[in-house]
Amino acid sequence: VRGDLQHYKISLVLIKIVHAQSLLTNSSLFTFLSLLHSLFTFVDQLGKPRHSMDKYLIKTTRKKPDIVTIPSSPKKLKQKTLHSLKGVVVVEDIERLKSKLELPTQSKSIILSSLLELGKKIPPRNILLSTKIGHTVNKLRKHPDQDVSRSSRIVLVKWKNFYQDHMHRPQIEVKCDTKTENLRQRGKTLLSDALRVENGHKIVDAIERETFHQHKRLVNPAYRRSIRTMIFKLMHNEELRNSVTMGNLSVEDFVKEYKKS
């Protein structure tokens, strides 16, 4: 905008000069010279640098800002619980995982997750003998799926190496009370009747143990309501009964669907 204004002023002065030349015969020479002087003065001012505020500024080198490093917070340590120790096992959990692995219609994902959970624990020798979980895992070495076969070998090797290094440690065993065991056995009997299978069938044992596990290993009112609901659904729904026995519906999904709080 400033440059356009300067061109406009110069053009205006030139127009005045041309007009003055046309009037020289009628006007004085002094007027024409004064116009030329004003033009030269204006052009001379254009070549001079304009005033700016830069001469009043003191320029210094800019310092880089100091990088402030915030110390990282110390890692929060999680306190270990009794059940988190690999040498502390719950017999019920071992039986529950065993029932999952022994189901002939069990899916690969559940088998792998069960083996992974078993690999986190080191069952005592007496638990291995009483539950025969070692035999169940050992049979999976011949599984047609390579992932299942490899996972079972990893678990067996881990257990074997541990027992070779700890042969003389004391063994501690904690069992459920008699009343709890009787109530659970009653639930298994009713489930076998609802599924129309013999008492002691693997699917019955898997359902009851999964229900007991999802209720935090407590035979409380919520556990009883869940067992009653599942028995009622299985007795009056043939399609659901066939889906559970044939493995189309996994035990975990079946228990979660009819679990009561």
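Which residues in H9 meet which residues in H10? In this predicted model, local features require pLDDT of at least 70 and side-chain atom pairs count only at pLDDT 80 or more, while totals for chains, interfaces and linings use all residues. Residues are numbered from 1 along each chain as its sequence is written, and side-chain values use heavy atoms, with hydrogens and water left out.

Ile207, Glu208, Thr211 and Phe212 in H9 meet Tyr223, Ser226, Ile227 and Met230 in H10, contact meaning heavy atoms within 4.5 Å. By class, this contact comprises five nonpolar, two polar and one charged residues (nonpolar: Ala, Val, Leu, Ile, Met, Phe, Trp, Tyr, Cys and Pro; charged: Asp, Glu, Lys and Arg; polar: the others, Gly among them). The axes of H9 (residues 202-214) and H10 (residues 221-236) come within 10 Å and cross at roughly 150 degrees. Here axes are lines fitted to C-alpha atoms, for helices over the stretch in contact, and angles run from 0 to 180 degrees between N-to-C directions. Helices are DSSP runs (H or I, at least four residues), numbered from the N terminus.

The buried residues of H10 are Ala222, Tyr223, Ser226, Ile227, Thr229, Met230, Ile231 and Leu234, where buried means under 20% relative accessible area (1.4 Å probe, protein chains only). Their cover includes H8 (178-195), H9, H11 (238-246) and H12 (251-257).

Ile227, located in helix H10, counts as buried because its relative accessibility is 6%. Leaving aside neighbours within four places in sequence, Ile227 is in contact with Gly187, Leu191 and Thr211. Ile227 and Leu191 lie 36 residues apart in sequence and 7.9 Å apart in space, C-alpha to C-alpha.

Terms used
Helix = DSSP H or I, 4+ residues; strand = E, 2+ residues; numbered from the N terminus. Buried < 20%, exposed > 50% of the residue type's maximum accessible area, 1.4 Å probe, protein only.
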